[in-house]
Every structure is written in C-alpha cells, then in structure tokens.
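Let's take a walk through this protein together, with the sequence and the model side by side.

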Amino acid sequence: MANTTILVIEDDSDARMMYAIMLRSWGYDVLEADSGKQGVHLAQQQKPDLILLDIMMPDMDGYEVCRRLRSNPSFHRIPIIFLSALDAMSDRIKGYTIGADDFITKGQVDYRELGVRIQASLSRTDRINETSGPVRKGSVVALASLRGGAGV
C-alpha cells in the first residue's frame, strides 16, 4: 500500500473530505478533485493508482469522466470505482459498460467493505500488471482464421 495514490472525484465537499480522511487513515495518498473536469485534468497529470468517482456532478458527470479516461491507453489498467447515490440496475450496467471496475452505492456500503473492494481492485491490477507486462500498441499477439486454428 506504500505510495499508493487514490484520486477522489466528488463534488460534495463533505463526502470528499470523509473519503479522504478514511483513505489516509488506511495509509493511502489521496488526491482530491471537486469536479469532473478537474478530475480528468488531475488524473492525467498525476496518474493515480485508483480512482473513486462520483457520477452526478454539475460540470461533467462521472460517466463522461470515465469515458475520457478510458479512451487514453494510460488509463486502461487503472481501476475506476463508481461511488454514487444512484442505485438503479441501469446505472450500474451503464457504468460497467463504459469501463468501470466496480460500482458502489454510497448509502448501502459499510466502510470496511469499501476498503476491501478498493484493496481487491488494486490487487487485481497488480496481478494483471505482473503477468501481462507492458502494453504495446500495434503488437499482434495471434491471428485466427475462419478455417480454425491460430497462428502467432
């Protein structure tokens, strides 16, 4: 967990402060953004290890933030966890479809579960990074033919 940085993108200052205090008490370094635009900018500058992202924000909603970050190859492996008051199945599906790694409903999660889900996302990313190595754009891994089989 040493030097693990989490970016919290949340427009509600009280909620953002609460998450930051909690995350720091668990040993994480915390970056804070109070808007979607600021969050995208800060993420691109600082490259956090994980992003906690609210959905309902006035300038740019969390879905758009996630879309913009996922369109950048540098953010393909960084976990994005939606932390939102929204709890409809359609909201969750939309979040996962655009690239979220997890979707947590604010009023329905215990702080211990939040900590475990954050740690699980970070651990999963570590395992992926260890086994797959660096991503190289334009590399061909395998070719499959209509006749069956694969070639390297």
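Is Asp-34 buried, partly exposed or exposed? Keep in mind as we look that this is a predicted model. Asp-34 has a relative accessibility of 41%, and because buried means under 20% and exposed means over 50%, Asp-34 counts as partly exposed. You will find Asp-34 in the loop that links strand 2 (29-33) to helix 2 (36-46). Asp-34 also belongs to a negative surface patch, together with Asp-11, Asp-12, Asp-14 and Asp-59.

Now turn to strand 3, which spans residues 50-53. In a regular strand, side chains alternate between the two faces of the sheet. Here, Leu-50 and Leu-52 are on one side of strand 3, with Ile-51 and Leu-53 on the other. These four residues are all buried, and both faces of the strand are covered.

Strand 3 has partners to trace, too. With strand 1 (residues 5-9), strand 3 pairs in the parallel sense over four bridges; within this part of the picture, Ile-9 has Leu-53 as its bridge partner. Strand 3 also runs parallel to strand 4 (residues 80-84), and three bridges join the two. Look for Leu-52 here: its bridge partner in strand 4 is Ile-81.

Finally, move on to Gln-108, in the loop between strand 5 (102-105) and helix 5 (111-132). Gln-108 counts as exposed because its relative accessibility is 58%. How far apart in space are Gln-108 and Asp-87? From C-alpha to C-alpha they are 9.1 Å apart, with a separation of 21 residues in sequence.

Notes:
Residues numbered from 1 in each chain as written. Predicted model: local features only at pLDDT ≥ 70, side-chain atom pairs only at ≥ 80, totals over all residues. Heavy atoms only, no water. Patch = residues over 30% accessible without salt bridge, like charges linked within 9 Å, V, L, I, M, F, W, Y side chains within 5 Å. Areas by Shrake-Rupley, 256 points an atom, 1.4 Å probe, with all protein chains shown as cover. Salt bridge = Lys/Arg side-chain N within 4 Å of Asp/Glu carboxyl O. Lys, Arg positive; Asp, Glu negative; His and termini not counted. Charge placed at Lys NZ, Arg CZ, Asp CG, Glu CD. Buried < 20%, exposed > 50% of the residue type's maximum accessible area, 1.4 Å probe, protein only. Pairing = 2+ DSSP bridges.
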